[in-house]
Amino acid sequence: MSDAETHSGGCQCGAVRYRIDGHLRPGGFCHCRMCQKAFGNFGAALTSVPRDRLHWTRGAPATFRSSAIVARGFCRDCGTPLFMLEDGWPIYEIAIGTLDDPSACAPDHVVGTESKLSWADSLPGLPGHSTAEDRTPADLVKLASLQHPDHDTAQWPETDA
């Protein structure tokens, strides 16, 4: 990847959007208890982005202090977790799932393993199926996404002009 590339992302409602200038570093997966609670999940997939390469392009995230030295950013409208920022560090830890193309940043390490849930390693071995295999066509119509699309828009929600 070249430094000329850019990546965009944001929350699910579109109120907060960002741009990252340059290549993405490999991500990591954090199992610490704070990430579990902040993401409402068994952990968090994050990528490190230098502050000077991250630009908020729509709205601004709200923050919550999860510890004396860490702020967690999220969308105040929809609640999407966006980042972790440690005081004094020049790096944002951006939630990989908020990238418009999350497949562009695969984790290459795991941290916070002291809080790793006992069942986390069993996930890849579980049987799986697509949403369409589990729902009727009528259900799938009802599940049509109201989320912001995975690309920048001039405004959101889009209006007919």
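The side chains of Arg17 and Asp100 meet in a salt bridge, with N and O 2.7 Å apart (a salt bridge being a side-chain nitrogen of Lys or Arg within 4 Å of a carboxyl oxygen of Asp or Glu). This pair ties together distant parts of the chain, since Arg17 sits in strand 2 while Asp100 belongs to the loop between strand 9 (91-95) and strand 10, 83 residues apart. The model is a predicted one, in which local features need pLDDT of at least 70 and side-chain atom pairs count only at pLDDT 80 or more, while totals for chains, interfaces and linings use all residues. Residues are numbered from 1 along each chain as its sequence is written, and side-chain values use heavy atoms, with hydrogens and water left out.

Asp152, at 46%, counts as partly exposed. The cut-offs behind these words are under 20% relative accessible area for buried, over 50% for exposed and partly exposed in between, using a 1.4 Å probe and protein chains only. Strand 2 covers residues 17-21, and strands here are DSSP runs of E with at least two residues, just as helices are runs of H or I with at least four, both numbered from the N terminus. By contrast, the C-alpha atoms of Arg17 and Met84 are separated by 16 Å.

In total the structure holds 5 salt bridges. Another of them pairs Asp87 with Arg65, again with the closest N and O atoms 2.6 Å apart. Asp87 lies in the loop between strand 8 (81-86) and strand 9, and Arg65 in strand 6 (residues 62-67), 22 residues apart. Both ends are partly exposed, Asp87 with a relative accessible area of 40% and Arg65 with 41%. Arg65 is also one of the residues in contact with Ala71, as are Phe64, Phe83 and Met84. Ala71 itself belongs to strand 7 (residues 70-74) and is buried, with a relative accessible area of 9%.

Zooming out, the chain contains 3 helices and 10 strands, arranged along the sequence as β-β-β-α-β-β-β-β-β-β-β-α-α. The C-alpha trace spans about 50 × 45 × 35 Å along its principal axes. Of the 161 residues, 35% are buried. Among contacts between residues at least 6 apart in sequence, 57% join residues at least 24 apart.

Leu126 is located in the loop between strand 10 (107-111) and helix 2 (131-134). Finally, Trp156 and Pro157 are joined by a cis peptide bond, with omega about -5°.

Technical notes. Contact means heavy atoms within 4.5 Å. Lists of a residue's contacts leave out its neighbours within four places in sequence.
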